[in-house]
Amino acid sequence: MNRADKVKRYRKMGNSNAKGTRKARNRKNPRNPRASLGMPGTGLLLLGVLAACICLFGTFLIHKKSEIPALSYVTQEEFASLMSFLDPDFMRKQLGDDKDKKMTRQEIRDFLQSVGLSDVVAAGGGSDRLKREAVMQYYDQIRDYLDVGEAVSKKTILCLKQSKNSCETQDGKLKFKIDSLKLKPMHTYEVYVMGKEALGVRREAEKAVALKNVEITDTSGDKVHFIYKEKEYEAGCKKDLARENTHCTLYIKGGFITEVKDVKVMSEETAAGRISDTVEVLLLNQGAVHYGQVYLFSDTDCAVKKGKRSEKYKPNGMISSKKLKLKKGECAQITPAGESGRLYLADAKGKKISNGYYGSFFVYRDLEGYYIVNKVNVEKYLYSVVASEMPSSFATEALKAQAVCARSYVCRQMAGEDYKEYHAQIDDSTNYQVYNKSGATKECIQAVDGTAGLVMYEGEQIVDAYYYSTSCGYGSGMEIWNQKDRSYLKARAIAPPDKNKKAIDLSSEKSFQSYIKSDQLDAYDRNSKFFRWKATLEPSACLEELKERITMRESINPENILYYATRNGREKKAGSLKGFGGFKDMYCARRSKSGAVLELVIEFEFGKVKIKSEYNIRYIVGCAMEKIVYADGSSDSASRFLPSAYFSISFQEKSRRFLLSGGGNGHGIGMSQYGADSMARDGWDYKRILNFYYDGVKIRKAD
């Protein structure tokens, strides 16, 4: 419908509404109200007083029994957000300073006049607050006329969890333009969305939302606990509707699970059945999904299939995205001849720029460019993962332990849908496992073949087989990610058993500083240069980047980045770093028993930020690092990421710098690779190594 048609339609609606209002007014207000009531004026007055008393008493009872629901009305702030597809400056002028004031009929009328819609969208006057439903009816009419580019759309979301101005939904994180809207966990809502932001809430929805590939972990009590996209949640549920140790699809609304479908009991047989022989890996372009152009070749004859057509290419024959002539939404499959054939990425001149890939390439084109998915046999995928994640010079049993970890990890990740929109299950970066950055070696191939098909189970489920480079002598549980612990991932000393008779609590600053500065430790990771390190930091010199990193991580991980404005010795929660001023100080506010920093505080002139989760801490503070010196005496002045969250902080008055005394490289959960190598050299086999790092797991084939 064009503008002219909309004006005609709304003018007709407006005239119709106006006539209806006049008729109703005439019926309700006759010229002689006393005569129409059939009673004298005094009686009418008494009746009015009595009605008022009843009204007041009724109002008292209502307020005594219940509060006004949070989404009953629309504030001026939310209405401004809803209208943000217009000029934001215009909206600020239209609305008053009281952002929490509820929208009234008169304010809607004034707004309609200001945008020139008063003659096509009918609205009466009055200071009475409008219910949300009424405001949204007006909004839909306004949007239908003014949102010519259709920038705003409606979407039904399930609020899994809300934190500040964002909400975790079934499709990922959705950011709200305002933080005053309080949504209930496990309730569904109709929201108005523009881009990746929610402008406002239309209403609580009646429709249930489906969560696919959910893992139910606990059904005891009146709540069902489940894992969805690697995060833990809980929801109410009728008794016996859900079962523990199952994968399924949950339908949720109103705070409760209403239906459970596609149930798969995680027995050994079904677990094995869900593990495919192949994995689809998205090949990133220096961290990005898309390529401007694609160039590749095969070292053997290969077939290029596009739709129903197939074309043959000779060995080393250049295949480019230009030759493929893909339209948006199309895909080409490139498959080498024979199992030994490899595919290579190349530059525009045909020069090889990658190691060889087994399996097939699928080249897709969409609105943003091209992307490549490598579909490959899991065991051949592992050849390059083990080579990329662990040095081939490590002991054979350590390489075997790495192979079982990597296989367990990828089998677990294949059940997710993180890259479903790109026809993939995982990518080739540290987001999952590093793949094909180092070519497969004889040692790594033998380690994979020597453990073929073996994965680790806890009960009937494949475990989260996390691993990392080097410990500081202690490993952590899931607490350093601010998550619930897994029973098989525990904090532990990574040292010979005879040196580990008494557990040490490193949660105090005194005990951790004594431990991290000691040279007398007999830990399995001592052979790594990362076992101990010292880093010099100057946060004031990179204030802008420091704040940028904080803001970026808060947008991704808001529950673990908290802002507090400080004025006159008082703290108040804040929504951003605005007005915080310059850098002042930083310190560890809380530490785990294994010594990792769980909460780091960065103080500014007029505010402070609490940072939780080891990755956030390492990434944010890393930008201030000037130099790091490792245990072997080598140094680095280019690193912008802390090796680990196991460090103490001191301030050097002479240099006016912070000194971090730390140890380890990586998150510290699961298997330490350097520790595994030392264990193997001490005579441990790969099964003993794995049972040390993963409590109570069973190693068996998933075939």
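Tutor: Let's start with Glu-509, which is partly exposed because its relative accessible area is 29%, where buried means under 20%, exposed over 50% and partly exposed in between (1.4 Å probe, protein chains only). Keep in mind that this is a predicted model, where local features need pLDDT of at least 70, side-chain atom pairs count only at pLDDT 80 or more, and totals for chains, interfaces and linings use all residues. Residues are numbered from 1 along each chain as its sequence is written, and side-chain values use heavy atoms, with hydrogens and water left out.

Student: Which residue forms a salt bridge with Glu-509?
Tutor: A salt bridge needs a side-chain nitrogen of Lys or Arg within 4 Å of a carboxyl oxygen of Asp or Glu. Here the closest N and O atoms are 2.8 Å apart. The partner of Glu-509 is Arg-591.

Student: How many residues apart in sequence are the parts that Arg-591 and Glu-509 tie together?
Tutor: Helices (H or I, at least four residues) and strands (E, at least two) are DSSP runs, numbered from the N terminus. Arg-591 lies in strand 30 (residues 583–591) and Glu-509 in helix 13 (residues 509–516), so the parts they tie together are apart in sequence by 82 residues.

Student: Is Arg-591 buried or exposed?
Tutor: Look at its relative accessibility, which is 6%. That is why Arg-591 counts as buried.

Student: Where does Glu-379 lie, the salt-bridge partner of Arg-407?
Tutor: The side chains of Arg-407 and Glu-379 meet at 2.9 Å, N to O. Arg-407 sits in helix 11 (residues 396–413), so the pair ties together parts 28 residues apart in sequence, and Glu-379 lies in helix 10 (residues 378–389).

Student: How many salt bridges does a search of the whole structure find?
Tutor: Another one joins Arg-202 and Glu-190, at 3.7 Å from N to O, and both of those residues are buried. The search of the whole structure finds 32.
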